[in-house]
Amino acid sequence: MQEYELIIVGGGPAGLAAAISARENGIERLLILERDYELGGILNQCIHNGFGLHTFKEELTGPEYAQRFIDQVFEKNIPYKLNTMVLEIEACGDEKMVTAINKEDGLMRLKTKSVILAMGCRERPRGALNIPGYRPAGIYTAGTAQRLVNMEGLMPGREVVILGSGDIGLIMARRMTLEGAKVKVVAELLPYSGGLQRNIVQCLEDFDIPLKLSHTVVEVHGKERVTGVTLAEVDENRRPIPGTEEFYSCDTLLLSCGLIPENELSVKAGIELSNITSGPVVNESLETNIKGIFACGNVLHVHDLVDYVSEEAKKAGQQAAAFLQEKESDKKEKTIIIQPEGGIRYTVPQKIRTESMEENLTVRFRVGKVYENVYVNVYLGDKQIIHKKRKKMAPGEMEQIILKKSDLTQELKFDKIIMKLEEA
Ligand SMILES: Cc1cc2nc3c(=O)[nH]c(=O)nc-3n(C[C@H](O)[C@H](O)[C@H](O)COP(=O)(O)OP(=O)(O)OC[C@H]3O[C@@H](n4cnc5c(N)ncnc54)[C@H](O)[C@@H]3O)c2cc1C
């Protein structure tokens with residue numbers, strides 16, 4: 001049986017950055033397992049630019065950004081297996097067993113001391129959306145359409161309606177337009193877009209594509225192929241308002257209705273998941289409830305910018321290395337829970353071991369709706385330890401604050417931090 005110190009599941013930007021960082025921190029016997037035929041993950045189909053502004057201070061395309069990390073994987077001789085699907089991760093005491101399959105090796109059982117989960121996320125399919133009507137051809141998730149256009153050279157259709165204004169939907173509105181299709185409208189169920197502001201401007205406004213907020217598809221027309229959709233406005237309970245229906249003729253409906261972390265492997269392994277992110281609950285080291293299993297990237301929580309994925313994954317690699325080199329103390333440490341309240345939906349990490357944390361810990365979070373001129377306040381008991389003004393916050397944009405170790409270790413009597421949005 002092959003034995004490793006670290007196995008990384010997924011060869012997207014998270015898996016690549018985690019592997020590079022683990023190797024830089026002295027881990028020799030590591031392996032990346034990737035189910036696709038090439039490394040790079042979702043970036044391979046994102047041929048638009050806008051990647052890497054934080055990491056490289058340059059605007060790269062997705063494949064260019066991925067290549068910078070793939071080159072380092074080659075330079076550092078980090079082994080990887082492509083076309084290899086991980087089927088199961090089992091934790092048996094200090095050892096973990098990874099079951100994977102590919103054509104050359106067949107079914108493999110790989111023994112490892114630690115695992116980094118970097119499986120990314122997938123799109124919410126139509127079945128989960130409950131749109132009434134027949135199931136004609138011409139309905140795609142926006143990510144599938146992106147892969148067809150950018151990687152396979154196929155156009156899914158000519159007259160397009162997009163449901164959902166997440167980043168993939170916005171980017172595909174522009175992409176389909178540039179390829180000669182007519183994008184008639186982008187409809188969004190919520191009263192605000194789930195995408196980045198820069199994508200609303202660059203992908204819709206620059207191309208005069210209308211965005212209808214608080215609207216949804218109430219009917220899909222056509223039996224063999226989509227011939228049109230009916231949109232209607234929705235009320236504050238997201239129920240269609242009778243009399244507001246409008247028909248749009250189209251041959252294609254693209255769905256961009258949210259992403260869900262790929263967490264079947266995590267569930268099977270017994271990893272505790274967050275109800276909000278659907279990704280693992282992690283501590284300050286990005287370690288799950290199973291010792292030696294770490295998570296980073298979109299499998300942990302959906303990111304809007306790849307730079308943050310790479311940053312988080314670098315940390316997961318460092319922490320996995322520290323775990324393997326037993327730099328991590330095994331003593332029982334005090335754990336503080338971060339409790340999101342008043343407008344904050346979730347934080348990552350969700351808990352902190354105060355002694356193990358670095359001096360400045362980045363806590364990422366998202367808010368539940370659009371806020372203007374609010375303060376992000378953090379409390380330890382009655383004591384306010386952070387008070388930061390934000391001009392505008394939106395659910396589509398990931399936010400962050402820095403927690404200082406010195407602030408937490410002074411007040412050891414508390415077992416939770418409360419993080420909330422307040423007017424002043
Ligand atoms: C359409 C789109 C547009 C975007 N635009 C931008 C942008 O303009 N700028 C920006 O900064 N960011 C952008 N992003 C965000 C960024 O691309 C993602 O946040 C980032 O790619 C996530 O990296 P990841 O490694 O976590 O996941 P992924 O890139 O999804 O990689 C996960 C990998 O794991 C593999 N995998 C999954 N399960 C298994 C398994 N069981 N066995 C083996 N392998 C497995 C998958 O095949 C995949 O290769 C965009 C994302 C999308 C989807």
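Polar contact, for these notes, is a pair of N or O atoms within 3.5 Å; within protein, one must be able to donate a hydrogen and the other to accept it, and residues adjacent in sequence count only if both atoms are side-chain atoms. I am working from a predicted model, where local features need pLDDT of at least 70, side-chain atom pairs count only at pLDDT 80 or more, and totals for chains, interfaces and linings use all residues. Residues are numbered from 1 along each chain as its sequence is written, and side-chain values use heavy atoms, with hydrogens and water left out.

I looked up the backbone partners of the ligand. A polar backbone atom of Val86 sits 3.0 Å from a ligand nitrogen. For ligand oxygens I found a backbone N or O of Val306 at 2.8 Å, and a polar backbone atom of Ala118 at 3.4 Å. The protein buries 95% of the 1000 Å² that the ligand exposes when taken alone (accessible areas by Shrake-Rupley, 1.4 Å probe).

**Ligand, shell**

I counted a residue as near if one of its heavy atoms lies within 4 Å. That gives 32 residues around the ligand, with Ala14, Glu34, Ile42, Asn298 and Val306 coming nearest. By class I get 17 nonpolar, 11 polar and 4 charged; here Ala, Val, Leu, Ile, Met, Phe, Trp, Tyr, Cys and Pro are nonpolar, Asp, Glu, Lys and Arg charged, and the others, Gly among them, polar. Elements that each supply at least two shell residues include α1 (13-24), β6 (85-92) and α7 (306-324). Helices (H or I, at least four residues) and strands (E, at least two) are DSSP runs, numbered from the N terminus.

**Parallel sheet**

Next I traced an open sheet of 5 strands, β10-β17-β11-β12-β13, with parallel pairing (a pair needs at least two DSSP bridges). Its edges are β10 (139-141) and β13 (211-213). Neighbouring strands are turned by 20° on average, direction ignored; axes are lines fitted to C-alpha atoms, for helices over the stretch in contact, and angles run from 0 to 180 degrees between N-to-C directions. I see 3 bridges from β12 (182-188) to β13, and Val186 stands opposite Leu211. Helix α3 (142-150) lies across β10 and β17 (252-255), at about 90° to β10, contact being heavy atoms within 4.5 Å.

**Mixed sheet**

I then followed another open sheet, 5 strands in the order β22-β20-β27-β24-β25, with mixed pairing. The edge strands are β22 (351-353) and β25 (383-393). β20 (335-340) runs parallel to β27 (416-422) through 4 bridges, and Ile337 has Lys416 as its bridge partner.
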